[in-house]
Amino acid sequence: MKRINYKYMLISLDDMATASRRSFLGTIASGVVGLAVGAGLGWGLRSPETKEVTITRERTVTAGGGERTVVSTVTSTVPGPTVTKQVTAVKTLPKDTIKIGILGIRSGPWATYGTLIEQGATLAMEEINAAGGILGSKVSLVIRDEAADVVKQARELVEAEKVDFLVGVDSSGNAMKVGPLMSELNRILIVTHAATHRFTEELVYKQKTKQLFRVSVPVYQDGILSAYVAKDLPVKKWAGINPDYEYGRVSWQFFRETLSKLRSDVEFVSEQFNKSPGTTDFSPFLSAALGADAEGIFSVNWALEAVTMHRQMKSLGVYDQVGAVINPMGYSMDVVYELGHEYPTAMHGTWVSGRYVWFYPKTPINERFVENFRKRWGRYPAYSSETTYTALYMLKAALETTGSLDLDALVQAMEDMVILSPAGARWIRPEDHQAIYDVPYGKITHSGGEIPLLTDLVTRSGWEYYRSPPF
Amino acid sequence: MLELLGHQLLTGLFRSSYYWLIASGLTLIFGVTRVVNFAHAAFFVLGGYIALTVDILTGNFWLSVATSTIAVGLLGMAVERGLVKPLYRVESLYQLLITFAVTLIINDASKLIWGAASRSMKIPAELALPVKIAGRSYPLFFFFIIATAVAVFILLYIVLEKTFWGLKVKSTWRDVSMAQALRINTGRIYTTTFFIGSLLAGFGGACMVAFTPVAPGLGDSLIITAFIIVVIAGLGNLIGAYVSSILIGVAESLFLLYLPELDILLIFVIMAVVLLVRPWGLFGEK
């Protein structure tokens, strides 16, 4: 099944170089249809409950030193007519339990992000185990706090807990610390939140650390796609208020560079960097931005600081004075739930995004994910929950392809992989191990319901705005 | 140009008042008991949590401030009685450690009770009224905080300088054994000081939560700024702490306008210079 998907994707890639955007999108669309057909059986994401299929598997299991043949009957529900077929499968994993180490921030002001990662991982684990595990092996999770010395935690996970894979990492700084360690620990790490482009561009592409992958969007989303949003807004003078570390500085730099290229009449009138975490009072920053006659504010502040900033912008009347606000991580669920129906809106919109937006794309896989997530956790899924969920299924797919824990084989299986996930089709670019997929921006709109929605979606193909090798 | 400067000074003054609401209790407790209360900012954030809970339940901002002030004050007193008191005789390092432990307990307890995500509340309607100044609008809340900070300063000054109790506090601060010889119940002075200091933290936290959302562990970043302010002033010096709050708050705000690149560095540079030139602080005694 995989081969079919792969071929479709290759066709679209070849076309991309020459074809117009319309035909390119058409090819992608046809590719996606092909993928969708392939996905039902071949890929781990469970399909809608339509018909029941009984598959009798004859497996060769190596256990306790001797080889024996086990015949097991697996009943699963897949779309299509009921068929019963004999499958001779020889693949099994050498371990009964695949242990996955999860790294997320679990203490301090960003602690909620560890929970979001954990929720996605737990849901995927429960689903996979309920459906028979990975080639018969169960999945188990070991969760650690990356805020408590990420290098130590990663080492302990591998050396003491004996995990087979590492998944997660919220902070860009931590991703850059733990990334180089992976070649020594010889484990695959799939990053599901940290966004610095240096992780994939430098560690993977330049330094060839093959163990590293990322399923979430890098700062291309925060800094580059946001400029495409800004170029169509009636705003010429932009002010930046960004967290003073890697993520904030890089996003602002990308935003400026891209917007200057897209439009020549924009000015960047004020440039502020706030301490992060720990900025509790934005009033001097806002006052300075207004003092520079800013018409729009660009900020990648997130989590607690995003909530603080939006509230204080409202209190200080900034929302009445500027035309538009862009806050790339503003549709993260913690911010959306906390601000709720008081999420302020500027005249030309408060434009926000995430690493995944729960209602996009409208596919059965996504709808099912959102429904299951809500059933399990009572809330709409946050982006890092989706990315972590997908990372686990990606590992499942890779293990099912290789049938072993051999690192090189797994890396090979994951490079160039196309996985249909709640966030849409993701392609793992072989050069930098970065997942390419589309996440929209939208305008905060209050229309009743549990949380504000996004309208006027700005969607662009990842192919268009991702930076691409050579970096 | 002048207007711009004025706006920046005003936001600086607001920020100073916010700093002072944290630093006042911290320096009071240190001045009298010589305990570096690491948990002080955690008390401040806890005050915010209690206030927003009461606000959700009753919808009354003033009641929530009052409840939180008293609750945190009592908690501070309990911590002093139960945990800090047995450690007065040993090295001050142990007092720092125990208050650090209290910080961790409060951080994780608030995560259990209020969740890991940030929590916020709206500025109450009566304080949300916009005040127009030179083309910008500020909520009345802004001036309420600035006025509150001044009031806290005056009140503390009167209590310490103009009352008999203040005299006893000061004598305890000067020389504990001499104060005890004069039959001053220094144990009670310590406890009361802790109560008042924590009271201030609860009060400040409750007032500020309407403007600044809270999250578990937020205090850890607030305490550093508060410590620096207190150190610059001279540990335990109340008037100095107010002046240095204003100095730092206004300087930060102005630097943001003119030299934003140096803003985060600023407070540390001031501290380093003060410690090199006057290690006992700007207002401290040698």
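User: In this predicted model, how many bridges join strand 6 of chain A to strand 7 of chain A?

Analyst: Strand 7 of chain A covers residues 188-191 and runs parallel to strand 6 of chain A. One facing pair puts A:Phe165 opposite A:Ile188. The count of bridges joining strand 6 to strand 7 of chain A is four.

User: Which residue of strand 6 of chain A is the bridge partner of A:Leu103?

Analyst: Strand 4 of chain A spans residues 97-104. Strand 4 and strand 6 of chain A pair in the parallel sense, over four bridges. In strand 6, the partner of A:Leu103 is A:Gly168.

User: Are A:Leu166 and A:Gly168 buried or exposed?

Analyst: Strand 6 of chain A runs over residues 165-168, and both its faces are covered. A:Phe165 and A:Val167 lie on one side, with A:Leu166 and A:Gly168 on the other. A buried residue has 20 or more other C-beta atoms within 10 Å of its own. By that test A:Leu166 and A:Gly168 are buried.

User: What percentage of the residues of chain A count as buried?

Analyst: Chain A has 17 helices and 18 strands. Its length is 471 residues.

User: Which helix of chain B supplies the largest share of the side that touches chain A?

Analyst: The contact involves 37 residues of chain B and 34 residues of chain A. Several elements of chain B each supply at least two residues to that side, including helix 10 (219-233) and helix 11 (238-258). The largest share is eight residues, and it comes from helix 1 of chain B.

How values were computed: Residues are numbered from 1 along each chain as its sequence is written. Chains are lettered from A and ligands numbered from 1 in the order in which they are written. This is a predicted model: local features need pLDDT of at least 70, side-chain atom pairs count only at pLDDT 80 or more; totals for chains, interfaces and linings use all residues. Two residues are in contact if their C-beta atoms, placed from the backbone, lie within 7 Å. A residue is buried if 20 or more other C-beta atoms lie within 10 Å of its own, exposed if 12 or fewer, and partly exposed in between; C-beta atoms are placed from the backbone. Two strands pair if DSSP finds at least two bridges between them.
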